[in-house]
Structure formats: C-alpha cells, structure tokens
Amino acid sequence: MKKNLLVAQSGGPTAAINATLAGVIRKAAECEQIDRVYGACYGIQGVLGENLVDLTQKVDTPEKIEILRRTPAAALGSCRFKLKDIREDDSQYQQIVDVLHKYNIGYFIYIGGNDSMDTVAKLSDYCEAHGVTDIKVIGGPKTIDNDLCGIDHCPGFGSAAKYIATVFAELEREITVYEAKNVIIVEMMGRNAGWLTAAAALAEGQNGSVPYLIYLEEAPFSMEQFVRDVKARLEENNAVLVAVSEGAHDEKGQFICEQGQGARELDVFGHNKLSGTGKVLEEVVKEQIGCKVRSIELNLLQRCASHIMSKTDIEESGKLGENAVALAVEGQSGKMSTLTRVSDTPYEIVYSGVDITEVANLEKKIPAHWINEERNGVTEEMITYLKPLVQGEISSIYEDGIPKYLLLK
C-alpha cells in the first residue's frame, strides 16, 4: 500500500533550503511507493498542530518546482522549537506519531541544522523504542554555518560564502576610492564556527592588493594583536579589510561582543545570541589608531541572498533532498542525507546516508592547520576547500524586474 510523505523545514533560513525541498517533491513524485507529499508549516510545531499543506497540489508543475528551488528562505515556514526531554515526557513524540498515522504518512523528511537533526534523532529513537516500524525519519541537512558533522559541507553555505566573497570584492572597490587611511570591519554570522568568516578570503587578491585580516572563532582573539595587525597593514597600505566572526572570543572564552556588557541573551536551545563584535573593534581602532573606520554587520543579508546564489550549492541541495527520499523509500530511518568529497581537482562528490548519532548535537570546526600561524588569516588548504562550493551562478526568476518567489504556507 502506498504511503504519504511529510516534509518540514526548521532553523535559520538559507538561500538553498527550498532547493532541498524541491528535490524532495521532485523525487517523491517519481516513487511508486509514495502517494502524496504534505508539508508541515513552521517545522515540527506544524506537525504537532496538524498545520499541513498538500504539496502535491501546490507544486504541481515543473515551472513551480523551478521557482521553488530559486526561492530563498523557508517556503513552508520555520521554527526554533525544542521538543521535551524524551526521558521526562514523551507525550509530544507520541502526538507526532499519531498525526503521521492519521495522514497515512510513512516517510518524514526534516530539513534543518544541528537542532533539527537532534529532533530527527529523538523521533527516530522513539519510533524504534516503541515498535513504530511503518514511519521512516530522515534528516535533510541545512545551515549556512557549515558546522554539521557527517557531511563535507552543508547546503546553503556555498551561496552564503559566495555572497560574502562578493561583498568583500565590492567593499574593496569602495575602500580604495580615498587616499586617506581607511579600515572596514565586517562581522559575519557563525555562532561557534568560523566557516562564513573564512569565505572572505576567496576575494583577497582577486581585484587588487588590499590586505585582509581574518579572525575566526576557532582561534583565541587578542585585542593587542589585532591593533598591531591593523597598524602593520596600514604602514604599507592605505586600506585594510577585516573579517571577524560574531563569536570571536579571547583566551578566557569571553566573547569580544560582551566587553563592557552584561550576560548575553540565550535562545530556546541555550545558545548565546551574539552581535556587536564589529562595533567593539571599530571603537578600538578609533581610539588606538585614529584612522577612518567603519564596521558592518552582514546579519540577515548573508543568509538568503537569492540574487547571487552558488549554482553548485543549489544543485547539490536539490540532490540531497532527492537522496533523502531515496533513503526513506529504501526503508532506512534515523539517517541524514549526506555527501562526501572524493576529489578537489576535479571536484567530485558522492551521496549517501549517515547515522544521525554522528550528526546530532555535534559541531564541525575549522581544522587548526587551516588557520595561519598569526591567527589572522587562512591557509591555502582552506581556499582549496572553499573554491568548488561557490562555482557557477544562479539567480531568482524575475517578473517585472522583481524576484518572483513561491510561497507555500
């Protein structure tokens, strides 16, 4: 008997999360084991509240699939919702299973990052422990932070990296207009990993000789060394571009953005809400160097810039969605759809599944040997890793000069 498939999205939006969703819908339509595809609005909260939409009906043409794969952010809506500790109260898990049975859903694909994979792990464990064998739970990777374990790189990261590198190339044009000494500091997202910040290095030396200083979360930050670095670059150049992770911290683990402030606000998963690192460094440059300086916080702009997506990223994201469906139909559960890099030159990857226990509640950091000895830049190995991920261009589909997007809620 045919079963239905349910897909949901969770966590921070990206430029590629809907490409993964489009891949799920496209592959499901080809599978004889699947009848209809439903989408849960606002992640796992939508499952609990039975807030479902029929995607077989809503995304019923190749044209709509194509618009969806180029639509940024989460077309189904997202959430940051932490399920209760299964050891203390498993009622939510049974409620989810009841909803899936009610709609004859045999396959559940949850697209998201670290916290979403935790949900996949908990739900698949509950099903196994309670003999629920007719529901297969698979994770679809997503995060611009690129910090998921069990995968070479995450969907959404390539497009965000391409956007960041493009911003730095453009800022380099801006900063060289004036003869006066000038510093621009750009703060990037990435709570506990510096992958996004490292992407700035892709632009260095491509359109001029402006020096970059790149400070990652993986290496302790020294304010004294930062001032020395900037002064040294300004002795030889009129302009310096600084890339810094929002979670940059000193040797004692204190975030730079916390200096002079109280305790940071936490989200529902207990993570620090970070911002303001760039502003702190701007004030330091003003006070200790005295040159023209400006800080920029890319913030939300780096997440869903659909006007300059990486073609590699969008294509791989779609295939990861297709692979998630294939894993579920094969009868696998408690897995995440993944890809492994086989070669850098030529760039080659293969798709498979990884046990969710190798992903959930773990974080992938930048290897120490990919950071230079001065801790203010990256090595060639980092560049080799990054370059394939930003290749090719794809943009939104435009109508009357404005991007046309597909909304599903």
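E236 sits in helix α9, which covers residues 223-236, and the model it belongs to is a predicted one.

Q: Why is E236 called exposed?
A: Its relative accessibility is 70%. Exposed means over 50%, so E236 counts as exposed.

Q: Why is N376 called buried?
A: The cut-off for buried is under 20% relative accessible area. N376 comes out at 4%, and therefore counts as buried.

Q: Where does N376 lie, and which residues is it in contact with?
A: N376 belongs to the loop between β12 (348-355) and α12 (380-386). Leaving aside neighbours within four places in sequence, N376 is in contact with Y212, L213, I214, Y215, D229 and R233. Contact here asks for heavy atoms within 4.5 Å.

Q: How much of the protein chain is buried, and what share of its contacts joins residues 24 or more positions apart?
A: Buried residues make up 58% of the 409. Among contacts with a separation of 6 or more, 76% are between residues 24 or more positions apart.

Q: Which residues touch the most other members of the largest nonpolar core?
A: F168 and M382 do, in a core of 46 residues. Elements that each supply at least two residues of this core include α7 (157-175), β6 (182-188), β7 (212-215) and α12. The largest share, 11 residues, comes from α7. As for F168, beyond its neighbours within four places in sequence, it is in contact with V186, M188, A200, A203, Y212, L241, V242 and A243. Apart from this core lies another, of 38 residues, with A40, V120, I135 and V354 among them. In soluble globular proteins, nonpolar side chains tend to be buried together.

Q: What does the charge count look like?
A: There are 42 positive and 60 negative side chains, and the centres of the two sets lie 3 Å apart.

Conventions. Residues are numbered from 1 along each chain as its sequence is written. This is a predicted model: local features need pLDDT of at least 70, side-chain atom pairs count only at pLDDT 80 or more; totals for chains, interfaces and linings use all residues. Side-chain values use heavy atoms; hydrogens and water are left out. Buried means under 20% relative accessible area, exposed over 50%, partly exposed in between (1.4 Å probe, protein chains only). Lys and Arg count as positive and Asp and Glu as negative; His and the chain ends are not counted. The place of a charge is taken as NZ of Lys, CZ of Arg, CG of Asp or CD of Glu. Helices (H or I, at least four residues) and strands (E, at least two) are DSSP runs, numbered from the N terminus. A nonpolar core is a set of buried Ala, Val, Leu, Ile, Met, Phe, Trp, Tyr and Cys residues joined through side-chain atoms within 4.5 Å.
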